[in-house]
Amino acid sequence: NAKVTPDIIIVIGGDGTMLHAIHNYMHLGLPFYGINTGELGFLMNHLVLKTSTKQDSLLNALRNTDELSIFPLEMAVTTTDNKKFKALAINEVSLLRQTCQAAKIEISVNGKIRLESLISDGVMVSTPAGSTAYNFSAGGQILPITSNLLALTPISSFRPRRWQGALIRNDSVVTFKVLQAKVRSVSAVADFFEIRNA
């Protein structure tokens, strides 16, 4: 009945499985190793079976892997009825319109207004780990996984039409103020944790 203390968490699946595992077990402070059996697997490794047993292959892969630290974003949300929520995001924090009305959002970085009014389907801040996911689909730049940057990316921008987003330092504080929030309602999402009426 000896208690076993794990050294590592091995995740088998795709990026979604890895994101859920990180959110569920990051409090343990253990490293994660992903084995891709999903679609893209940007956060995962491909296990190549070169030795006599699968166990040997996995142990060799674990011994010869490079460790990489990724840092989550912290999302703090106040709803239109003044409720407050916090959540962490490994990929991105996004604001998304809830109705047929486009969102109208003021964007500040480190306390300075950078865009007085973005009219769009939404906007996101993406980590390097998440830059190849929703961020890239929305036209954002892919960031090297070790970069000290975040991608600030509009989602289907109507005004200003040609604004394609910005790259900002990873220690920046980004504030989104939803303008006309009662009429142009918006959801705030940290990976898969959603708050309505932000």
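**Close-up views of a predicted model**

**View 1. Ser185 and its contacts.** Ser185 touches Leu96, Arg97, Gln98, Thr99 and Asn197, leaving aside residues up to four places away in sequence; contact means heavy atoms within 4.5 Å. This is a predicted model: local features need pLDDT of at least 70, side-chain atom pairs count only at pLDDT 80 or more, and totals for chains, interfaces and linings use all residues. Numbering starts from 1 along each chain as its sequence is written, and side-chain values use heavy atoms, without hydrogens and water. Ser185 sits in the loop between strand S11 (174–178) and strand S12 (186–190). Helices (H or I, at least four residues) and strands (E, at least two) are DSSP runs, numbered from the N terminus. Ser185 is buried, at 8% relative accessible area. Buried means under 20%, exposed over 50%, and partly exposed in between (1.4 Å probe, protein chains only).

**View 2. Arg162 in a loop.** Arg162 lies between strand S9 (149–155) and strand S10 (166–169). Arg162 is exposed, with 77% relative accessibility. Its C-alpha atom is separated by 29 Å from that of Ala76, 86 residues apart along the chain.

**View 3. Helix H1.** Met18, Leu19, Ala21 and Ile22 are buried in H1 (residues 15–25). Seen down the axis, these buried residues fall within an arc of 165° (directions from the helix axis to the C-beta atoms), so they line one face of the helix. They pack against strand S1 (9–13) and strand S2 (32–36).

**View 4. The open sheet.** Six strands run in the order S10-S9-S8-S5-S12-S13, with antiparallel pairing; strands pair if DSSP finds at least two bridges between them. S10 and strand S13 (193–195) are the edge strands. Strand S8 (residues 122–126) pairs with S9 over five bridges. Ser126 has Ala151 of S9 as its bridge partner.
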